[in-house]
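Q: Please take a close look at the metal site of this model. Which residues hold the ion, and in what setting?

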Amino acid sequence: MRVLVVEDEKKVAKALMEGLTGEHYDVAVAATGDEGFILANEQAFDFIVLDLMLPGRSGLEILAAIRKRGSQTPVLVLTARDAIEDRVLGLDGGADDYLVKPFAFPELLARMRALLRRGRNDHIVDLKVADLEMNLLARKVQRGGQSVLLTAKEFELLEYFLRHSGSVVSREMLARDVWQQPGRDTTVDNLIDVHVARLRKRIDEPFARHLLKTIRGVGFCISETDT
Ligand code: CA
């Protein structure tokens, strides 16, 4: 399985190279947009991890070029934390999913595997549990057809729960992937509690059925089943 990583940040590129090689992927790294453009167009890859902010050609230009020639290779774009519009532009430009930097390697691996399992034409735009729906392109949330307004952080938190629907999301995972904190501490725990409470107020409290459950001593789980 050949993977192309287009990433100009040396540290991130090195970590991806080592991590993916350790998972037995055959990895090629491009450090500039132009190098990535050439590799993506001249060689065959099974998966592309594409940073959007690159020197030379941008990630979006590379994405446009490979989709224009009809390539179906799954593409996961890497976007900056504050560049929410880039997530939409990436999906709209033919990316199959995005990941916000900084990210933890296991999360990247999980996204990659999910995309490789699914194949194209079914890329992530809608996330859904019961009558709760999130559209990543429009960045809209609805429950029972009613629109639900969320702050950027609440949206990100709900997106994370929906991407892990049916599984327990631990506080460690939230600290690591949503708050970018390497470990849990009281401050992060409090932030998690405040945001989960606010999110519940919007997505669950007005409705008869509660989807986001607390799993005592472990974390949270969003699911259709009452457990
Ligand atoms: Ca970059």
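A: The answer below begins with the ion, then turns to the chain around it and to some points of backbone geometry.

This is a predicted model, in which local features need pLDDT of at least 70, side-chain atom pairs count only at pLDDT 80 or more, and totals for chains, interfaces and linings use all residues. Residues are numbered from 1 along each chain as its sequence is written, and side-chain values use heavy atoms, with hydrogens and water left out.

The calcium ion is coordinated by Asp8 (OD), Asp51 (OD) and Met53 (O), at 2.1 to 2.3 Å. Donors here are N, O and S atoms within 2.8 Å of the metal (3.2 Å for Na, K and Ca), and water is not among the atoms, so the site may look incomplete. The spacing of the donor residues in sequence is D-x42-D-x1-M. Asp51 is buried, at a relative accessible area of 3%, whereas Met53 is exposed, at 61%.

The protein chain that supplies the site has eight helices and twelve strands; these are DSSP runs numbered from the N terminus, with helices being H or I of at least four residues and strands E of at least two. Of the 227 residues in the protein chain, 48% are buried. The C-alpha trace of the protein chain spans about 55 × 35 × 30 Å along its principal axes. Contacts (heavy atoms within 4.5 Å) between residues at least 6 apart in sequence join residues at least 24 apart in 57% of cases.

The peptide bond from Lys101 to Pro102 is cis, with omega near -5 degrees, and Pro102 lies in the loop between β5 (97-101) and α5 (105-118). Ala130 is not a glycine, yet has a positive phi of about 50 degrees. Ala130 sits in the loop between β6 (126-129) and β7 (132-135) and is buried, with a relative accessible area of 13%. Arg139, also not a glycine, has a positive phi of about 50 degrees and is found in the loop between β7 and β8 (140-143).

Leu191 belongs to helix α8 (residues 186-203) and is partly exposed, with a relative accessible area of 34%. The C-alpha atoms of Leu191 and Trp179 are separated by 8.9 Å, the two residues being twelve apart along the chain.

Key
Buried < 20%, exposed > 50% of the residue type's maximum accessible area, 1.4 Å probe, protein only.
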